[in-house]
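Open the model in your viewer and keep the selection tool at hand. The tour goes from the whole chain to one side chain.

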Amino acid sequence: MKSPIIEQPPTQYEVIVNPYDKATRLNLYGFDGAPMNPMYLAYKPPEMLPTKTLNPTSNSEKGSQPTNKSKIKRSIPGDQDGLVQAALNKKVLVQQQDSTMADRLWWLGAGMTLLGSVGYFCF
């Protein structure tokens, strides 16, 4: 019978600035000196998850029946263009890049491959 694997807490650590993307990185090392996965600081100052209910309901009694109003999908009022979502992501250190250029480049490559294949078989 195999013994269960017991996770050991890291014994060494170092806080450095990643030279590639200038993000703060925490390097952890195990008890045997083996490096563990690095952790990056996404927000400065760090933000914790909420510690209270985000959307409290007015009637939290046991046995209360849900109404049609409580089944309606909730959304942020006045967010037709996604501006509120953009405002929530303003403190992120690394922004996600737009992929339209990559899509165009992929289709250009596919078209050139097709054109080269047709040219090879016809001539």
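The stops below start with the overall fold and end at a single arginine.

This is a predicted model, in which local features need pLDDT of at least 70, side-chain atom pairs count only at pLDDT 80 or more, and totals for chains, interfaces and linings use all residues. Residues are numbered from 1 along each chain as its sequence is written, and side-chain values use heavy atoms, with hydrogens and water left out.

Show the whole protein as a cartoon. There are two helices and three strands, in the order β-β-β-α-α from the N terminus. Helices (H or I, at least four residues) and strands (E, at least two) are DSSP runs, numbered from the N terminus.

Next, select the strands. They form an open antiparallel sheet in the order E1-E2-E3. Strand E1 (12-17) and strand E3 (39-40) are its edges, each pairing on one side only. Two strands pair if DSSP finds at least two bridges between them; E1 and E2 have six.

Now select arginine 25, in strand E2 (residues 24-29). Its bridge partner is isoleucine 16.

Is arginine 25 buried or exposed? Arginine 25 is buried, that is, under 20% relative accessible area with a 1.4 Å probe, protein chains only. Arginine 25 has no salt bridge (a side-chain nitrogen of Lys or Arg within 4 Å of a carboxyl oxygen of Asp or Glu). The nearest side chain of opposite charge, glutamate 14, is 5.9 Å away.

Finally, show the side chain of asparagine 27. The side chain of arginine 25 makes a polar contact with that side chain at 3.1 Å; such a contact is a pair of N or O atoms within 3.5 Å, where within protein one must be able to donate a hydrogen and the other to accept it, and residues adjacent in sequence count only if both atoms are side-chain atoms.

Technical notes: Buried means under 20% relative accessible area, exposed over 50%, partly exposed in between (1.4 Å probe, protein chains only). Lys and Arg count as positive and Asp and Glu as negative; His and the chain ends are not counted.
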